[in-house]
Amino acid sequence: MCKRVFSLLLALVMVLGIANFSTYASAMPLLSIENKSVNVGESFTIAITLNNVESVYGGNFTLQYDNSLLTVESSDFGSIVSEHTKNCNLDYQSAGNLIRVTFSGAKSLSDDGTLITFKFKAKENVSGIAELTFTAYKMYDENGSSVSVDVSGGSVIIEENILPTVTPTATPTVAPEIVPAIAITGGTVTSGKEITVSVDISNVDNVYGGNFTLQYDNDLLTVESSNFGSIVSEHTKNCNLDYQSAGNLIRVTFSGAKSLSDDGTLITFKFKAKENVSGIAELTFTAYKMYDENGSSVSVDVSGGSVIIEPTVTPTASPTVAPEIVPAIAITGGTVTAGEEITVSVDISNVDNVYGGNFTLQYDNSLLTVESSNFGSIVSEHTKNCNLDYQSAGNLIRVTFSGAKSLSNDGTLITFTFKAKENVSGTAELTFTAHKMYDENGSSVSVDISDGNIVIEIADTKPILYGDADGSGTVDAIDAMVVLQRDVELIGDNQIELNAADVDGDGTVNAIDAMLILQYDVELIESFPVENMRN
């Protein structure tokens, strides 16, 4: 009886002490990656910052980058680790896409700031989004104990050059947080009449020049003239109406020795609605770039517009416009055990006007290998090809198909058999990096896409000793203390056996589980609720 009373009193003291101590817990360190937008072939730097560093004496992380789009050139540690021992190992594994960073010192970092910067170069003649992710990370306190840490990945948007690359004469300035925006203000016009629409720009503090291509619907509109606004009165500028034979593209450029000083109208266009037509003429930006004082690309938001053309004579009844039915391709993923195979399908729907198409599927080759493919019956009468790992990166699949008639049924376009690598777990993303569908004339058809993923699990063959939260092999009051420490976030999930600690089987680990463990320890109960549920 004395043992029971003593254990219950001990638990009460631990709950009160842990609750009081938890109020003083400081914010976790935050390891984050800067985002960038650059041109193909451009060299640039990416900063890795560390915040909330009061308890950080050392640490390490591994950064993964997309070596199909980027090469890493050099690194430079920041001043916040000037008194620490540090090392950066670029491409430390044969994969050639991993960077390993370590640092340690006799005292804590005293300031938030830049931990290290990396100089990358975007590869020539390729564009896309290069993800930067932490594949491993740890921080340590003065005792060498692990400190929980938040991480935030980043990305580099790589765009093709439209204007010749301008070599900067000084270190490029950091892109402002406020992004320039260009927007089209349209309107409504009667067929046969003229209308003036404007292209307006805002957040221009760091815009020295730029260019854009505007596409309009030449089945409904003709372009008559253009007029630059006063905000570019001191800049060199040019507007080329219908600069290509298609007769539906307008090319605008401007550059100057100083930034635009005011938000406002960049340029206006006078259009004329064609006779005896009606509808909505879309005005869209097909290309756009803004530049700072060094000629470096500045991120820009764009908003297209439209001109609504109304007939001269109002029709007696509004025609019903059939909704546009857009083809859609989607990946169905699933869950697989490490070392086992899984088959996923790429399904297509709304195929009434699809005569052919192609797509590129990217998978995570650190978790998966691709074994085989098999086209579905809906393309049995089409010419088709599947090229597994068609580039040296070894993580891309290229699929094409074409035929003399449209696909007649929705269904499975192709299936892929993947094998999860041994002794790994995680979520392997399956993403479309390129995709197109074609009609009977070979013209491009809009298509919706839905990416998927494969969840890889490692089989757990170890029996669970419910209540053994510390993994010692016994169930006692110490296990209850570990559960309480986890409940008030004094320890992390990696310091507790979560499955064993959830003794009430509700999917969470909290003080109720600690109470049940204490009751079991003093023999008030003979088993846990979760065991009864399993039975």
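Residues are numbered from 1 along each chain as its sequence is written, and side-chain values use heavy atoms, with hydrogens and water left out. Because the model is predicted, local features need pLDDT of at least 70 and side-chain atom pairs count only at pLDDT 80 or more, while totals for chains, interfaces and linings use all residues.

Helix α4 spans residues 511-521 (helices are DSSP runs of H or I of at least four residues, strands are runs of E of at least two, both numbered from the N terminus). Its buried residues are Asp513, Ala514, Leu516, Ile517, Leu518 and Asp521, buried meaning under 20% relative accessible area and exposed over 50%, with partly exposed in between (1.4 Å probe, protein chains only). At the start of α4, a side-chain oxygen of Asn510 lies within 3.1 Å of the backbone nitrogen of Ile512. Glu523 follows α4 and sits in the loop between α4 and α5 (529-534). Its phi is positive, about 65°, although Glu523 is not a glycine. Most residues other than glycine have a negative phi. Glu523 counts as exposed because its relative accessibility is 61%.

A positive phi, near 60°, is also found at Asn423, in the loop between β32 and β33. Asn423 is exposed, at 68% relative accessibility. Glu422 is in the loop between β32 (411-420) and β33 (426-438) and is exposed at 52%.

Ser79 is placed in the loop between β5 (70-77) and β6 (85-90) and is exposed, at 64% relative accessibility. Ser79 and Ile116 are 37 residues apart in sequence, with their C-alpha atoms 8.8 Å apart.

Glu422 also belongs to a surface patch of negative charge with Glu340, Glu341 and Glu371. Patches are made of residues with over 30% relative accessible area and no salt bridge, like charges being joined within 9 Å and nonpolar side chains (Val, Leu, Ile, Met, Phe, Trp, Tyr) within 5 Å; a salt bridge is a side-chain nitrogen of Lys or Arg within 4 Å of a carboxyl oxygen of Asp or Glu.

Definitions and conventions. Accessible areas come from the Shrake-Rupley method with a 1.4 Å probe; for residues, only the protein chains shown count as cover. Lys and Arg count as positive and Asp and Glu as negative; His and the chain ends are not counted. The place of a charge is taken as NZ of Lys, CZ of Arg, CG of Asp or CD of Glu. A polar contact is a pair of N or O atoms within 3.5 Å; within protein, one must be able to donate a hydrogen and the other to accept it, and residues adjacent in sequence count only if both atoms are side-chain atoms.
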